[in-house]
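Hi,

Here is the model I promised to pass on to you. Have a look at it first, and then read on for what turned up when I went through it.

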Amino acid sequence: MPQPALPEPKHPELDSMLTRKFGREVANYFSGSPLNRVGFLRPDHVFLSQAIRHPTTAFLLCNNLQPLTKEPKKLAYVAHADVRPLIGDNPYEKSEDDLIEQYNSETSVPQMIFLGLDERNSNGLIYKEQYKGAPFFAVDVTPRGSYVDIAKKLITDLESRGYSFAQGRVMDIEASEASIYAEARQLLDWNARNPFCAQCGSPTLSVNAGFKRACPPKDTAKLTSSIGKTTAELPSADRPPCSTRTGISNLSFPRTDPTVIMAVVSADASKILLGRQKKWPAYWYSTLAGFCEPAESVEEAVRREVWEESGIELGRVVIHSTQPWPYPANLMIGAIGQATPQGETVDLGNDPELEDARWVPFEEAREALRTGTSGLGEPAPEGYKEGGLRLPPETAIAHQLINAVVNKGFLGADSKM
(Lines give C-alpha, C1' and ligand atoms only; values in the text may rest on other atoms or scores of the structure.)
Protein backbone atom coordinates (compact mmCIF):
# COMPACT_ATOMS: atom_id res chain seq x y z
CA MET A 1 0.00 0.00 0.00
CA PRO A 2 1.47 3.43 -0.93
CA GLN A 3 2.36 5.38 2.19
CA PRO A 4 1.21 8.99 2.65
CA ALA A 5 3.87 11.68 2.65
CA LEU A 6 4.95 12.91 6.06
CA PRO A 7 4.00 16.44 7.16
CA GLU A 8 6.48 19.23 6.58
CA PRO A 9 8.26 20.48 9.70
CA LYS A 10 7.88 24.11 10.66
CA HIS A 11 10.03 26.53 8.65
CA PRO A 12 12.02 23.94 6.70
CA GLU A 13 13.41 26.69 4.47
CA LEU A 14 15.24 28.46 7.28
CA ASP A 15 18.95 27.96 7.85
CA SER A 16 19.75 27.52 11.51
CA MET A 17 22.48 26.44 13.87
CA LEU A 18 20.46 23.42 14.97
CA THR A 19 19.74 22.26 11.40
CA ARG A 20 23.44 22.47 10.53
CA LYS A 21 24.30 20.48 13.64
CA PHE A 22 21.60 17.79 13.65
CA GLY A 23 20.13 17.81 10.15
CA ARG A 24 16.61 18.53 8.99
CA GLU A 25 13.83 18.18 11.55
CA VAL A 26 11.50 15.21 11.18
CA ALA A 27 7.75 15.71 11.57
CA ASN A 28 6.21 12.27 12.12
CA TYR A 29 2.83 10.95 11.03
CA PHE A 30 -0.05 12.08 13.31
CA SER A 31 1.83 15.35 13.98
CA GLY A 32 1.91 18.55 11.92
CA SER A 33 -1.68 19.66 12.47
CA PRO A 34 -2.86 22.55 10.27
CA LEU A 35 -5.12 23.77 13.09
CA ASN A 36 -4.39 26.46 15.64
CA ARG A 37 -5.80 24.92 18.82
CA VAL A 38 -6.31 28.30 20.58
CA GLY A 39 -6.68 26.36 23.82
CA PHE A 40 -7.25 29.51 25.87
CA LEU A 41 -10.61 29.97 24.09
CA ARG A 42 -12.00 26.57 25.13
CA PRO A 43 -13.78 27.88 28.27
CA ASP A 44 -15.21 30.86 26.33
CA HIS A 45 -18.82 29.86 25.64
CA VAL A 46 -19.41 33.02 23.58
CA PHE A 47 -16.63 32.01 21.21
CA LEU A 48 -17.78 28.39 21.10
CA SER A 49 -21.37 29.46 20.45
CA GLN A 50 -20.25 31.42 17.40
CA ALA A 51 -17.82 28.75 16.27
CA ILE A 52 -20.22 25.82 16.32
CA ARG A 53 -22.76 27.58 14.07
CA HIS A 54 -20.40 29.33 11.65
CA PRO A 55 -20.95 28.53 7.94
CA THR A 56 -17.34 27.34 7.54
CA THR A 57 -17.36 25.05 10.57
CA ALA A 58 -16.37 21.44 9.88
CA PHE A 59 -17.53 18.51 12.01
CA LEU A 60 -15.54 15.28 12.08
CA LEU A 61 -17.84 12.47 13.21
CA CYS A 62 -16.52 9.34 14.90
CA ASN A 63 -18.42 6.10 15.50
CA ASN A 64 -16.68 3.87 18.03
CA LEU A 65 -13.65 6.13 17.52
CA GLN A 66 -13.57 5.42 13.76
CA PRO A 67 -13.64 8.58 11.58
CA LEU A 68 -16.10 9.42 8.84
CA THR A 69 -14.70 9.09 5.29
CA LYS A 70 -16.04 9.35 1.77
CA GLU A 71 -12.97 8.86 -0.39
CA PRO A 72 -9.69 7.03 0.19
CA LYS A 73 -7.00 8.77 2.22
CA LYS A 74 -9.25 11.65 3.30
CA LEU A 75 -11.49 12.36 6.24
CA ALA A 76 -15.02 13.55 5.56
CA TYR A 77 -16.59 16.51 7.32
CA VAL A 78 -20.21 17.53 7.70
CA ALA A 79 -21.94 20.82 8.45
CA HIS A 80 -23.86 22.05 11.50
CA ALA A 81 -27.19 21.26 9.83
CA ASP A 82 -26.20 17.60 9.61
CA VAL A 83 -25.50 17.23 13.33
CA ARG A 84 -28.09 19.67 14.70
CA PRO A 85 -30.66 16.90 15.41
CA LEU A 86 -28.02 15.20 17.58
CA ILE A 87 -26.26 18.07 19.38
CA GLY A 88 -28.95 20.77 19.25
CA ASP A 89 -28.65 24.27 17.88
CA ASN A 90 -26.09 25.51 20.40
CA PRO A 91 -24.75 23.17 23.09
CA TYR A 92 -22.47 25.98 24.30
CA GLU A 93 -25.26 28.44 25.06
CA LYS A 94 -24.58 28.22 28.81
CA SER A 95 -21.31 29.04 30.50
CA GLU A 96 -19.25 26.30 32.14
CA ASP A 97 -20.17 27.64 35.58
CA ASP A 98 -23.87 27.34 34.74
CA LEU A 99 -23.44 23.85 33.29
CA ILE A 100 -21.68 22.69 36.45
CA GLU A 101 -24.28 24.35 38.68
CA GLN A 102 -27.18 22.77 36.75
CA TYR A 103 -25.55 19.37 36.20
CA ASN A 104 -27.92 16.44 35.75
CA SER A 105 -26.29 12.99 35.67
CA GLU A 106 -29.32 11.47 33.92
CA THR A 107 -28.97 13.71 30.86
CA SER A 108 -26.71 12.21 28.22
CA VAL A 109 -25.31 14.31 25.39
CA PRO A 110 -22.87 13.37 22.62
CA GLN A 111 -19.24 14.13 23.41
CA MET A 112 -17.88 17.09 21.45
CA ILE A 113 -14.31 18.35 21.10
CA PHE A 114 -13.27 21.74 19.78
CA LEU A 115 -10.19 20.90 17.71
CA GLY A 116 -9.06 24.36 16.61
CA LEU A 117 -9.17 26.94 13.84
CA ASP A 118 -7.98 26.40 10.29
CA GLU A 119 -6.37 29.78 9.67
CA ARG A 120 -5.87 28.99 5.98
CA ASN A 121 -9.59 29.64 5.38
CA SER A 122 -10.00 33.37 4.77
CA ASN A 123 -13.78 33.08 5.05
CA GLY A 124 -13.64 31.60 8.52
CA LEU A 125 -14.85 32.94 11.84
CA ILE A 126 -13.36 36.21 13.11
CA TYR A 127 -13.45 36.49 16.89
CA LYS A 128 -12.36 39.63 18.72
CA GLU A 129 -10.69 40.75 15.47
CA GLN A 130 -7.71 38.59 16.38
CA TYR A 131 -8.59 34.90 16.13
CA LYS A 132 -9.52 33.88 12.61
CA GLY A 133 -10.20 30.63 10.79
CA ALA A 134 -12.67 27.87 10.06
CA PRO A 135 -13.62 26.07 13.30
CA PHE A 136 -13.21 22.30 13.54
CA PHE A 137 -15.13 20.08 15.96
CA ALA A 138 -15.20 16.34 16.60
CA VAL A 139 -18.46 14.67 17.63
CA ASP A 140 -18.88 11.15 18.98
CA VAL A 141 -21.94 9.76 17.16
CA THR A 142 -21.68 6.28 18.70
CA PRO A 143 -25.31 5.35 19.50
CA ARG A 144 -25.69 5.32 23.27
CA GLY A 145 -27.74 6.79 26.09
CA SER A 146 -30.85 8.85 25.49
CA TYR A 147 -29.82 9.80 21.94
CA VAL A 148 -29.27 6.27 20.59
CA ASP A 149 -32.11 6.49 18.02
CA ILE A 150 -31.06 9.93 16.76
CA ALA A 151 -27.46 8.76 16.35
CA LYS A 152 -28.52 5.62 14.49
CA LYS A 153 -30.65 7.68 12.11
CA LEU A 154 -27.76 10.09 11.47
CA ILE A 155 -25.41 7.20 10.68
CA THR A 156 -27.96 5.62 8.34
CA ASP A 157 -28.51 8.93 6.54
CA LEU A 158 -24.77 9.44 6.08
CA GLU A 159 -24.27 5.92 4.74
CA SER A 160 -27.08 6.47 2.25
CA ARG A 161 -25.15 9.50 0.97
CA GLY A 162 -21.99 7.48 0.34
CA TYR A 163 -20.17 8.09 3.63
CA SER A 164 -18.66 5.34 5.75
CA PHE A 165 -16.63 4.99 8.93
CA ALA A 166 -13.05 3.78 8.56
CA GLN A 167 -11.99 0.41 9.93
CA GLY A 168 -8.84 -0.55 11.83
CA ARG A 169 -5.97 1.78 12.57
CA VAL A 170 -6.11 4.82 10.32
CA MET A 171 -2.59 4.96 8.87
CA ASP A 172 -3.16 5.75 5.21
CA ILE A 173 -4.94 9.12 5.14
CA GLU A 174 -3.11 12.33 4.24
CA ALA A 175 -0.75 13.48 6.98
CA SER A 176 -2.54 16.76 7.75
CA GLU A 177 -5.81 14.86 8.06
CA ALA A 178 -4.19 12.22 10.25
CA SER A 179 -3.12 14.84 12.78
CA ILE A 180 -6.68 16.15 13.05
CA TYR A 181 -8.01 12.64 13.56
CA ALA A 182 -5.33 11.90 16.16
CA GLU A 183 -6.46 14.87 18.27
CA ALA A 184 -10.12 13.92 17.89
CA ARG A 185 -9.64 10.23 18.64
CA GLN A 186 -7.47 10.71 21.70
CA LEU A 187 -9.83 13.26 23.30
CA LEU A 188 -13.00 11.30 22.50
CA ASP A 189 -11.44 8.13 23.86
CA TRP A 190 -10.24 9.81 27.06
CA ASN A 191 -13.66 11.30 27.78
CA ALA A 192 -15.36 7.96 27.17
CA ARG A 193 -12.94 6.18 29.53
CA ASN A 194 -13.40 8.68 32.38
CA PRO A 195 -17.13 9.07 33.10
CA PHE A 196 -16.53 8.91 36.87
CA CYS A 197 -14.42 10.89 39.31
CA ALA A 198 -11.26 9.01 40.29
CA GLN A 199 -11.52 10.43 43.83
CA CYS A 200 -15.18 9.98 44.85
CA GLY A 201 -16.62 7.80 42.08
CA SER A 202 -19.40 10.22 41.11
CA PRO A 203 -20.24 10.97 37.46
CA THR A 204 -18.14 13.72 35.89
CA LEU A 205 -18.95 16.44 33.35
CA SER A 206 -16.94 17.24 30.22
CA VAL A 207 -15.90 20.91 30.16
CA ASN A 208 -13.32 23.13 28.45
CA ALA A 209 -14.63 22.07 25.02
CA GLY A 210 -13.78 18.44 25.79
CA PHE A 211 -10.28 18.93 27.22
CA LYS A 212 -11.15 18.65 30.93
CA ARG A 213 -13.66 16.87 33.17
CA ALA A 214 -15.17 18.33 36.33
CA CYS A 215 -16.77 16.70 39.37
CA PRO A 216 -19.85 18.91 39.93
CA PRO A 217 -20.83 19.66 43.55
CA LYS A 218 -24.53 19.20 42.74
CA ASP A 219 -26.68 16.77 40.77
CA THR A 220 -30.14 18.07 39.84
CA ALA A 221 -31.18 14.53 38.86
CA LYS A 222 -31.97 14.03 42.54
CA LEU A 223 -34.54 16.81 42.32
CA THR A 224 -36.19 15.75 39.06
CA SER A 225 -36.73 12.26 40.46
CA SER A 226 -38.57 13.55 43.52
CA ILE A 227 -41.69 14.98 41.88
CA GLY A 228 -44.75 14.54 44.11
CA LYS A 229 -42.86 14.57 47.37
CA THR A 230 -43.62 17.09 50.09
CA THR A 231 -41.23 19.92 50.88
CA ALA A 232 -40.01 18.02 53.90
CA GLU A 233 -39.26 14.99 51.75
CA LEU A 234 -37.31 16.82 49.01
CA PRO A 235 -33.71 15.64 48.80
CA SER A 236 -30.73 17.95 48.47
CA ALA A 237 -29.05 18.30 45.10
CA ASP A 238 -25.68 18.49 46.85
CA ARG A 239 -23.27 15.62 46.28
CA PRO A 240 -20.87 14.37 48.96
CA PRO A 241 -17.67 16.43 49.40
CA CYS A 242 -14.84 15.60 47.00
CA SER A 243 -11.24 16.79 47.25
CA THR A 244 -11.06 17.35 43.48
CA ARG A 245 -13.32 20.40 43.89
CA THR A 246 -10.75 22.27 45.95
CA GLY A 247 -7.27 23.55 45.27
CA ILE A 248 -5.55 23.24 41.92
CA SER A 249 -6.69 19.66 41.31
CA ASN A 250 -10.33 20.52 40.75
CA LEU A 251 -10.33 19.13 37.22
CA SER A 252 -9.31 15.95 35.45
CA PHE A 253 -7.00 16.41 32.48
CA PRO A 254 -6.47 14.21 29.39
CA ARG A 255 -3.98 11.42 29.85
CA THR A 256 -0.86 11.06 27.71
CA ASP A 257 1.49 8.11 28.30
CA PRO A 258 5.14 8.80 27.39
CA THR A 259 6.72 5.90 25.54
CA VAL A 260 10.36 5.62 24.49
CA ILE A 261 11.29 4.06 21.16
CA MET A 262 14.93 3.86 20.22
CA ALA A 263 17.39 3.07 17.48
CA VAL A 264 20.36 1.41 19.16
CA VAL A 265 23.73 1.74 17.40
CA SER A 266 26.71 -0.52 17.99
CA ALA A 267 29.83 0.88 19.64
CA ASP A 268 31.62 1.10 16.28
CA ALA A 269 28.55 2.67 14.58
CA SER A 270 28.26 -0.06 11.94
CA LYS A 271 25.21 -2.01 13.11
CA ILE A 272 21.72 -1.30 14.46
CA LEU A 273 19.88 -3.40 17.04
CA LEU A 274 16.45 -4.63 15.94
CA GLY A 275 13.96 -6.91 17.67
CA ARG A 276 10.82 -8.84 16.83
CA GLN A 277 7.78 -10.13 18.67
CA LYS A 278 6.44 -13.62 18.04
CA LYS A 279 3.13 -12.38 16.63
CA TRP A 280 4.78 -10.34 13.87
CA PRO A 281 5.10 -11.57 10.26
CA ALA A 282 8.16 -13.56 9.31
CA TYR A 283 11.38 -11.56 8.98
CA TRP A 284 9.64 -8.41 10.29
CA TYR A 285 11.76 -6.46 12.80
CA SER A 286 11.60 -3.03 14.39
CA THR A 287 13.29 -0.84 16.96
CA LEU A 288 12.84 -1.53 20.67
CA ALA A 289 10.26 0.42 22.69
CA GLY A 290 8.69 0.65 26.14
CA PHE A 291 6.90 2.90 28.60
CA CYS A 292 8.57 5.59 30.68
CA GLU A 293 8.09 4.85 34.36
CA PRO A 294 7.33 7.38 37.13
CA ALA A 295 10.31 9.46 38.29
CA GLU A 296 12.40 8.33 35.32
CA SER A 297 14.05 10.52 32.70
CA VAL A 298 13.69 9.69 29.01
CA GLU A 299 17.37 8.79 28.80
CA GLU A 300 17.08 6.46 31.79
CA ALA A 301 13.97 4.83 30.33
CA VAL A 302 15.79 4.18 27.05
CA ARG A 303 18.73 2.53 28.80
CA ARG A 304 16.48 0.48 31.08
CA GLU A 305 14.13 -0.79 28.37
CA VAL A 306 16.99 -1.74 26.05
CA TRP A 307 18.77 -3.66 28.80
CA GLU A 308 15.59 -5.37 30.04
CA GLU A 309 14.53 -6.50 26.57
CA SER A 310 17.87 -7.27 24.93
CA GLY A 311 20.62 -7.24 27.56
CA ILE A 312 22.44 -4.45 25.70
CA GLU A 313 24.01 -1.68 27.79
CA LEU A 314 23.85 1.86 26.43
CA GLY A 315 26.04 4.89 26.92
CA ARG A 316 25.01 8.19 25.30
CA VAL A 317 21.34 8.73 24.46
CA VAL A 318 19.97 11.62 22.36
CA ILE A 319 16.42 12.59 21.35
CA HIS A 320 15.60 12.44 17.65
CA SER A 321 11.88 13.25 17.23
CA THR A 322 8.48 12.45 18.68
CA GLN A 323 5.19 11.06 17.41
CA PRO A 324 1.69 11.33 18.85
CA TRP A 325 0.12 7.87 18.88
CA PRO A 326 -3.62 7.99 19.65
CA TYR A 327 -4.02 4.25 20.37
CA PRO A 328 -5.12 5.15 22.89
CA ALA A 329 -2.95 7.94 24.32
CA ASN A 330 0.78 7.59 23.76
CA LEU A 331 3.51 10.07 22.95
CA MET A 332 6.30 8.15 21.24
CA ILE A 333 9.63 9.75 22.18
CA GLY A 334 12.15 8.71 19.55
CA ALA A 335 15.73 8.37 20.71
CA ILE A 336 19.08 7.14 19.44
CA GLY A 337 21.42 5.36 21.83
CA GLN A 338 24.86 3.86 21.42
CA ALA A 339 25.99 0.62 23.04
CA THR A 340 29.05 0.52 25.24
CA PRO A 341 31.96 -1.54 23.81
CA GLN A 342 31.63 -4.12 26.59
CA GLY A 343 27.80 -4.22 26.56
CA GLU A 344 26.92 -5.49 23.08
CA THR A 345 26.05 -9.12 23.85
CA VAL A 346 22.35 -9.85 23.19
CA ASP A 347 20.64 -11.57 26.13
CA LEU A 348 16.87 -12.11 26.08
CA GLY A 349 16.77 -13.67 29.52
CA ASN A 350 15.52 -10.64 31.47
CA ASP A 351 12.18 -9.83 29.82
CA PRO A 352 10.46 -12.42 27.58
CA GLU A 353 8.72 -9.75 25.47
CA LEU A 354 10.92 -10.30 22.38
CA GLU A 355 11.22 -13.49 20.38
CA ASP A 356 14.50 -12.31 18.89
CA ALA A 357 16.88 -9.36 18.86
CA ARG A 358 19.94 -9.07 16.66
CA TRP A 359 22.55 -6.68 15.37
CA VAL A 360 21.83 -5.76 11.74
CA PRO A 361 24.59 -4.30 9.53
CA PHE A 362 23.72 -0.85 8.19
CA GLU A 363 23.79 -2.06 4.58
CA GLU A 364 21.21 -4.77 5.28
CA ALA A 365 18.96 -2.20 6.96
CA ARG A 366 19.38 0.19 4.01
CA GLU A 367 18.26 -2.53 1.61
CA ALA A 368 15.23 -3.25 3.79
CA LEU A 369 14.28 0.43 3.82
CA ARG A 370 14.35 0.35 0.02
CA THR A 371 12.46 -2.89 -0.59
CA GLY A 372 11.04 -4.33 2.62
CA THR A 373 8.85 -1.80 4.40
CA SER A 374 5.15 -2.37 5.10
CA GLY A 375 2.54 -2.22 7.80
CA LEU A 376 2.12 -5.25 10.04
CA GLY A 377 -1.03 -6.42 8.28
CA GLU A 378 0.16 -5.68 4.75
CA PRO A 379 2.00 -7.86 2.24
CA ALA A 380 5.64 -7.18 1.45
CA PRO A 381 6.12 -4.57 -1.30
CA GLU A 382 7.07 -5.30 -4.88
CA GLY A 383 10.76 -6.03 -5.19
CA TYR A 384 11.07 -7.70 -1.83
CA LYS A 385 12.90 -11.06 -1.83
CA GLU A 386 11.56 -13.69 0.55
CA GLY A 387 13.81 -14.12 3.53
CA GLY A 388 15.04 -10.54 3.53
CA LEU A 389 14.64 -8.16 6.42
CA ARG A 390 11.26 -6.39 6.70
CA LEU A 391 10.80 -3.05 8.50
CA PRO A 392 7.96 -0.70 9.55
CA PRO A 393 6.52 1.79 7.01
CA GLU A 394 7.49 5.44 6.72
CA THR A 395 4.51 6.54 8.82
CA ALA A 396 6.01 4.79 11.86
CA ILE A 397 8.57 6.64 13.95
CA ALA A 398 10.60 3.41 14.08
CA HIS A 399 11.19 3.78 10.34
CA GLN A 400 12.39 7.35 10.79
CA LEU A 401 14.80 6.33 13.56
CA ILE A 402 16.28 3.51 11.48
CA ASN A 403 16.62 5.80 8.49
CA ALA A 404 18.25 8.50 10.59
CA VAL A 405 20.91 6.07 11.72
CA VAL A 406 21.73 3.98 8.66
CA ASN A 407 21.37 6.71 6.03
CA LYS A 408 23.28 9.30 8.06
CA GLY A 409 20.47 11.84 8.11
CA PHE A 410 20.98 12.42 11.82
CA LEU A 411 24.35 11.04 12.84
CA GLY A 412 26.14 12.22 9.73
CA ALA A 413 25.31 15.93 9.85
CA ASP A 414 28.42 18.09 9.94
CA SER A 415 28.89 20.40 12.88
CA LYS A 416 29.21 23.97 11.65
CA MET A 417 28.15 25.93 14.73
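In the protein chain, 69% of the contacts with a separation of 6 or more are between residues 24 or more positions apart; contact means heavy atoms within 4.5 Å. Please keep in mind that this is a predicted model, where local features need pLDDT of at least 70, side-chain atom pairs count only at pLDDT 80 or more, and totals for chains, interfaces and linings use all residues. Residues are numbered from 1 along each chain as its sequence is written, and side-chain values use heavy atoms, with hydrogens and water left out.

The overall picture

The protein chain has ten helices and 16 strands. These are DSSP runs numbered from the N terminus, with helices (H or I) of at least four residues and strands (E) of at least two. The C-alpha trace spans about 80 × 45 × 45 Å along its principal axes. Of the 417 residues, 47% are buried. Here buried means under 20% relative accessible area, exposed means over 50%, and partly exposed is in between (1.4 Å probe, protein chains only).

Two domains

The domain assignment gives domain 1 (33–226 + 233–252) and domain 2 (257–408), with bounds that come from an automatic or database domain assignment. Their centres, taken over C-alpha atoms, are separated by 37 Å.

How much area do domain 1 and domain 2 bury between them? The figure is about 810 Å², and 60% of it is on carbon and sulfur atoms. Buried area is the accessible area (1.4 Å probe) that two parts lose on being put together, summed over both. On the domain 1 side, Arg169, Met171 and Gln186 lose the most area to domain 2, together 61% of what that side buries.

Nine residues of domain 1 are in contact with six residues of domain 2. The side of domain 1 that touches domain 2 is made up of four nonpolar, one polar and four charged residues.

Salt bridges

Side chains of opposite charge can pair when their charged atoms come close. Over the whole structure, the search finds 22 salt bridges. One of them joins Asp15 and Arg20 (2.8 Å, N to O); Asp15 is exposed at 60% relative accessible area, while Arg20 is partly exposed at 30%.

Asp118 and Arg120 also meet in a salt bridge (2.8 Å, N to O). Asp118 counts as buried at 9% relative accessibility, whereas Arg120 counts as exposed at 60%. Asp268 and Lys271 form another (4.0 Å, N to O), with Asp268 exposed at 52% and Lys271 partly exposed at 25%. There is also a network of salt bridges that links Glu293, Glu296, Arg304, Glu305 and Glu308.

Backbone points to look at

Most residues other than glycine have a negative phi, and most peptide bonds are trans. Val38 has a positive phi of about 35° although it is not a glycine. Val38 lies in the loop between helix H1 (17–22) and helix H2 (45–52) and is buried, with a relative accessible area of 3%. Leu65 has a positive phi too, of about 70°. Leu65 is in the loop between strand E1 (58–63) and strand E2 (66–71) and is buried at 16%.

Which peptide bond is cis? The bond from Tyr327 to Pro328 is, with omega near 0°. Pro328 is found in the loop between strand E14 (314–325) and strand E15 (330–339).

A histidine to look up

His80 lies in helix H3 (residues 80–87) and is buried, with a relative accessible area of 7%. Not counting residues up to four places away in sequence, His80 touches Ile52, Arg53, Phe59, Ile87, Gly88 and Asp89.

Best wishes

Technical notes. Ala, Val, Leu, Ile, Met, Phe, Trp, Tyr, Cys and Pro count as nonpolar, Asp, Glu, Lys and Arg as charged, and the others, Gly among them, as polar. A salt bridge is a side-chain nitrogen of Lys or Arg within 4 Å of a carboxyl oxygen of Asp or Glu.
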